[in-house]
Amino acid sequence: MTLPAELTADQLRRHYDPAQLPYASTADAPDLDGIIGQERATRAIEFGLDIPYPGFNVFATGPAGAGKTSIISRFLETKAAGRPVPADWGYIHNFSQPDRPMAVRLPPGGGRRLQNQTNALLTQVADALKKVFAGDPYADSRHTLERQLDQLRTERFKQLDKQVSERGFALTQTPAGIVLTPVKDSQPLTREQYNALPEAERAALNEQGQMLQEELERTLRQVQELESAAQDRLANLDREITATTIQPFFAPLREEYAAWPDVAKYLDAVQAHMAQNADHFKPAIEAIGASAAPGDVVAALQPPAAATPFDRYRLNVIVDNSALHGAPVVIETNPTYANLIGRVEMRAEIGTLVTDYRFIKPGALHRANGGYLLLDARVLMRQPLAWEGLKQALRNKRVRIEESSQQAAVLATTMLTPEPIPLDVKVVLIGDLPTYYLLYAYDEQFEKLFKVRADFAVEMPWTQENEEKIVRYIRNRCEEFGLPHFDMSAVAEVVEHSARIVEDQRKLTTRFALVSDIIQEAAFWAGRAGHTLVTSADVRKAIDERIYRSSQYEERLREAIVDGAIMVDTAGAVTGQVNGLAVIQLGNYELGRPTRITARTFQGRSGVINIEREARLSGRIHDKGMLILSGFLGGRYAQDKPLSLSASIAFEQSYDGVDGDSASSTELYALLSSLAELPIKQGIAVTGSVNQQGQIQAIGGATAKIEGFFDVCRAMPGGLTGEQGVIIPAANAASLMLRNDVIEAVAAGQFHVWSVRTVDEGIALLTGVEAGARDAAGAYPPDSVNGRVDRRLRELADQLARFGQPQRERQDGEPTGDAAAGPTADEEEAGDEPAPPGEPDLPGEQPEPPSAAG
């Protein structure tokens, strides 16, 4: 009988030889220069950052702990150092449209300097104007104009008074204004005296009064025109004095920033507005002539827009690049709409909320303008309107600040609408594959804006070059965190642990966050032990302590098996019963769990019944594996007879969902054992997927499954007997990185690991009977496993044919037709429902990501 290959202890784990590198400890190693194991991702990122065309932003995918953020940020810092510092940006008051502040492009790193210069200029201007308007020359000029006005006004009223006196009237000042009063004998007439006059005299007085009233109104209009002209002359005087006074202060700035058109326009606008509104800056002066118009009174009652008249001329710098030595790199950890696009803040004033351009605050896009912006895609998608705001900015190549209430059309209020700022930025999104696929499938703008995908690998080849890089990586972490250095035996443990993480003797993990955790924990235990260098014992201690903190459920499960609450045999032989192996993922910890799988065969035409599926406790991948069993049985045994049987297969004491196909070979072994009536050795556990040709296919979690069954066997009352072991697919032999205690047991012959390629190899080992192959006549040896199965299936077919007709079967409740060909339509419908959540059989065995059509 040909048995499958048994793996030796050396084949169960790859060991790292510390003597390969010429270092006594990591203190002797040079610094790590570059990125480890991410050549594909770095090439993609470099391409996306260097290509100058629109839409070539980067979406970086990869698992948590792969160092995406730290790697990309270091990469961006290097790129940014070679680029020029971009321009600063600010906002100024728009004198023609106050609700639309104007954006100002400022010299790189010079925005704050210009702001300080402007503030100093305004202070100087305020002092100068105060002195000018309080000085004697200005007062003399104003008094001269006032005297001229008084003289002209007096002359007009003298002429009018002379005309009035000649015609028997006098001018009288009343609260209602100047009125005409009849005079007789140089005395004003009372109403009684006026009424006592003869009618002819009264008529003459009325006629004269009407003529004089017209002359009075004409004179008053002339006086008002004189006063208006005087006011204009005074205003012109103020403007001329203001313009002359402030011009010398603006000239140096205008000359210094002549190459910056926005700054020059800003200075011109401020100077012109100051000159045109000189009355805002001089001391309060009583108005000349008539009272202010009603509209002016209302305006005076309005709350002031600024604390001082000069505040509206100040520069609001929102982007200050003075501290940069290259292009900016912005990492926004909380990309809300306001943090990304910017916002306009409000302030409370006299019981209401008001704002102006000085309260415009920048977003991450403003700060990253001219450089790079790094965002977490998953966090971004959880923020209302943030994703849409980012797409709009990238698509239009400008940043437009809008309040979120306006963007969502929640409130129709009058708000500031700042002028958009041109945008030139490379955005790097960090996310996982499901997020990338969803965006690509459901957002038509995504592929136009993020044309570069950078995939971060989870593993890298185990080569001497990468071993060297890990040594340097450990050195850098020790220097960064102030840890004791590692001797080379400790380095060997870290390297081998890196391979255990990816469960492959040919690979090392690139999830360096996990490696960094072990480095820090090992350094802690080394300090506890008083070691000056971290040793291999310290690294093993860190790994063991981490396992101990997470293994409480595993210990309780093992206790339940040892106590018999969960039935698992590790000795003896039972027909139709085999130990399967599943993997349970508990956060960052996975454990292997043995599970009893049983099969019963009997007469009928129902085919292979999956009890887990009937109970809706299985997933679709597991159901597919069960259907493959029917294909295997039909292809091997039903070429010369119908496949007429009923069989049930169950995971005993399984109360949660089961998925994955790694138990399909185990289920087939149980079924063949039941048909052949051959007992299976219970000291052997099995894992492996099978195809319709009977070939054993690779599965996941082989290391955890072997160690899980090993721990159960060791904990049982009989302990390790030397007959126990695990059958795995031959394709998984190179993926094993078993614990040292398992390897020692294998070396001592107390435990075994076999690798199989076909079902025949596995069933021969489990039963101790040759599987058997067809001879020239197409028959199997009668005492072989295949011969016994073939004979039993023929007996079942003959018995069913003799037992009765289809009508009799319907009366007995048996289904008709070739049930073994597959499930009914109702069963298919039931099988399409997802299995409830529970313990997965193979974590990580997930369907392929959706295609473009899906």
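What volume does the largest cavity have? The answer is about 50 Å³.

## About the model

This is a predicted model, in which local features need pLDDT of at least 70, side-chain atom pairs count only at pLDDT 80 or more, and totals for chains, interfaces and linings use all residues. Residues are numbered from 1 along each chain as its sequence is written, and side-chain values use heavy atoms, leaving out hydrogens and water.

## Cavities

Let's start with the count: the structure holds 2 cavities of 30 Å³ or more. A cavity here is a set of points, on a 1 Å grid over the protein atoms alone, where a 1.4 Å probe fits but cannot get out; lining residues have an atom within 4 Å of a point. Points are joined across faces, edges and corners, and the volume is the space filled by probe spheres set on them.

## The largest cavity

Its lining is made up of Glu 554, Leu 557, Arg 558, Ile 561, Leu 591, Gly 592, Pro 594, Gly 708 and Val 712. Two or more of these residues come from each of α20 (552-562), β23 (589-602) and α24 (702-715), with α20 giving the most, 4 residues. Helices (H or I, at least four residues) and strands (E, at least two) are DSSP runs, numbered from the N terminus.

By class, this lining has 5 nonpolar, 2 polar and 2 charged residues. Ala, Val, Leu, Ile, Met, Phe, Trp, Tyr, Cys and Pro count as nonpolar, Asp, Glu, Lys and Arg as charged, and the others, Gly among them, as polar.

## The second largest cavity

Now for the other one, with a volume of about 30 Å³. Among the residues lining the second largest cavity are Phe 95, Tyr 266 and Arg 312. Helix α7 (residues 261-276) gives the most to this lining, with 3 residues. The lining divides into 6 nonpolar, 1 polar and 2 charged residues.

Notes: On a 1 Å grid over the protein atoms alone, a cavity is a set of points where a 1.4 Å probe fits but cannot get out, and a pocket is an open set with protein on both sides within 12 Å along at least five of seven lines; lining residues have an atom within 4 Å of a point.
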